[in-house]
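Q: I'm new to this one. Can you walk me through the salt bridges?
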Amino acid sequence: MTTTGNDEDAVDVSVVIPAHNCRPYLDRCLTSALVQRVKKEIIVVDDGSVDGTAELLDLYATYHRSIVRILSQENSGGAGRPRNVGLEHARGRYVFFCDADDYLGAEALERMVAMADRNGSDIVLGKMVGHGRRAPESMFQRNAERVDLGDSAVYNSLSCFKLFRRELLERHGIRFGEEQLVGEDILFTVHAYCHADVISVVADYECYHLVSRPDGTSIMQRPDSRDPVAWLAMIREPIRLMAEHIPPGPLRDHLLRRHFRLDAFTQLGAPFLEAGEVQRKEIAQAVAALCDEWLTPGVLSRLNSTDRQRLAALGDIDRLVRLADIESATVVRRLTGLRWDDDRLVVRGTAALEGLSRQDGVALVLRARHDSACEVVVPAEREGDAFTARIDVPGLTSGVWDVRVAVELEGVVRIGRLGADRDGGIARPAPRLFGSTVALPYFTRDNGNLSIDVGGHVLAVPGTVKLTRTRWKVGHRLLIDGEIMIGDDRPDAGAARQLVWRERNTGFERTERVIALPGGAFAAKPAVGRFAPGTWDAYLELELGGPPARFRIETDAETVAAPRRWWGGAVLRSVRPYATSGKGRLSTVVRKLTPRGILRRLFR
């Protein structure tokens with residue numbers, strides 16, 4: 001083994017990159033690591049490359065001597081050995097493992113190290129995105145300073161593309177498996193999770209980019225890399241390791257559920273259909289053996305309907321094939337009607353499983369965008385492939401709800417987004433107010449699917465705020481009366497939150513109290529005489545069940561009170577409310593003039 005590169009002081013992050021015949025991808029990978037704004041070292045382990053990778057690595061080591069270190073070894077056949085070698089040479093407080101065909105977001109390590117330092121994190125998961133490859137999503141719904149292993153989705157991600165505290169890895173001897181073609185990082189990450197005291201998530205930035213090689217030469221793209229029988233044999237070791245560290249109980253059941261759902265029962269889906277008759281029996285037997293050893297009542301209670309059906313059919317290969325056919329069938333759906341019926345949104349459509357002649361049930365599933373685990377199931381009335389469902393919109397909590405249609409057959413539920421395929425002439429229903437909460441059904445911009453925005457989180461709330469009267473009162477206050485309309489409805493008293501005046505040139509804002517009145521009316525008496533000089537634009541801020549919604553206040557010249565001037569000591573104050581040209585919106589010009597200023601203007 002040969003080494004190039006110079007020793008330097010301790011660094012924050014050691015980036016470990018195994019490299020084998022990956023020259024076309026190395027520039028992007030190494031550049032993405034070099035631009036990270038942390039104290040770093042980049043350790044690349046050349047695992048017997050013969051495509052020019054070694055020569056390119058030598059160039060990087062020459063031009064970045066203080067950062068890039070190259071280790072060379074004979075080809076080991078997998079990523080486990082080079083990662084372990086890189087880890088043995090690492091000196092950073094943290095270690096990040098990156099594959100040579102993937103790359104980092106420019107701020108990835110900076111954000112992840114900041115999260116780890118802030119919380120004393122042992123593991124930090126950074127949001128992953130796929131390019132021609134599927135990336136995990138369930139654990140990246142929101143940033144999390146600290147998450148509980150048993151009450152989160154972080155264990156769903158068992159890849160090693162995370163930030164690990166190196167002291168944790170050394171203290172517990174956590175290393176990669178070196179015998180496996182695939183799954184070596186599962187053993188490593190499971191072991192790390194078992195010892196981590198603090199786990200954090202960076203979800204608001206794309207930290208790690210998973211790339212599919214166009215030539216299909218990566219290990220995970222080889223046809224034999226996900227052989228179902230081999231995978232089921234491989235996963236036994238991580239399960240055993242986890243069980244050695246986690247005692248029986250809810251936490252172990254939570255982690256075991258992940259292995260059954262994503263490792264075991266997944267092999268009874270598409271891989272089962274692709275297998276031959278003999279291998280199907282081997283797959284079913286391997287899954288049954290895992291169940292005999294690890295399927296506790298606690299795990300069973302956590303399984304979904306589809307997996308329960310598979311479990312019951314492990315001794316019936318024909319039924320397993322039928323269940324796999326159902327699971328792989330495409331949900332063919334179409335939206336045929338959409339309208340309000342009082343406080344319910346009536347959704348009509350058709351839904352069926354392609355290639356299958358029947359379904360046992362149809363329902364709508366509304367999933368909260370801010371929390372994919374939060375769902376509302378709306379039963380549908382069926383007539384053949386046609387269905388009608390009535391969504392109780394006032395019963396939905398604030399947020400954006402994505403509408404899906406679910407088709408059930410033999411206990412297997414297939415789900416698809418609804419709305420992109422729809423009859424011509426179906427328009428977006430008007431916004432609807434329920435008390436002071438606005439509901440806005442809409443079709444998404446990217447795919448045209450149906451969603452419901454409760455509270456105005458992603459859509460601008462259509463509405464108008466108009467003045468009905470203004471007049472001056474004592475204290476140079478401008479009394480304002482107005483009315484609010486949201487779509488065709490008037491909000492309940494209490495929707496009006498505050499009056500906001502924004503100075504046009506500086507952006508400075510000041511707020512004034514609003515009196516909310518029944519029937520969508522409001523009143524205010526802003527002390528405009530106290531405003532600093534400038535041009536002030538008036539807004540009304542409303543609470544409509546979500547983030548504050550701000551509306552310009554509309555008016556006309558006849559409704560606006562006349563200008564007013566008065567002396568305050570040696571200063572002449574001038575306040576001129578007016579309706580802007582064009583759309584007619586309330587603004588106010590405030591000036592202060594001293595006698596010298598007045599004379600200057602007169603003799604200008």
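A: A salt bridge here is a side-chain nitrogen of Lys or Arg within 4 Å of a carboxyl oxygen of Asp or Glu. This is a predicted model, where local features need pLDDT of at least 70, side-chain atom pairs count only at pLDDT 80 or more, and totals for chains, interfaces and linings use all residues. Residues are numbered from 1 along each chain as its sequence is written, and side-chain values use heavy atoms, leaving out hydrogens and water.

Q: How many salt bridges does a search of the whole structure find?
A: It finds 43.

Q: What does Arg83 form a salt bridge with?
A: Glu184, with the closest N and O atoms 2.6 Å apart. Arg83 lies in helix α3 and Glu184 in helix α6, so the pair ties together parts 101 residues apart in sequence. Helices are DSSP runs (H or I, at least four residues), numbered from the N terminus.

Q: Is Arg83 buried or exposed?
A: Buried, at 2% relative accessible area. Glu184 is buried too, at 6%. Buried means under 20% relative accessible area, exposed over 50%, partly exposed in between (1.4 Å probe, protein chains only).

Q: Switching to helix α8: which residues in it are about one helical turn apart?
A: Arg240 and Glu244, which are 4 residues apart. Their side chains meet in a salt bridge, 2.0 Å from N to O. Arg240 is partly exposed at 31%, while Glu244 is exposed at 53%.

Q: Which residues are linked in a network of salt bridges?
A: Arg497, Arg502, Glu509, Glu541, Glu543 and Arg550.

Conventions:
Helix = DSSP H or I, 4+ residues; strand = E, 2+ residues; numbered from the N terminus.
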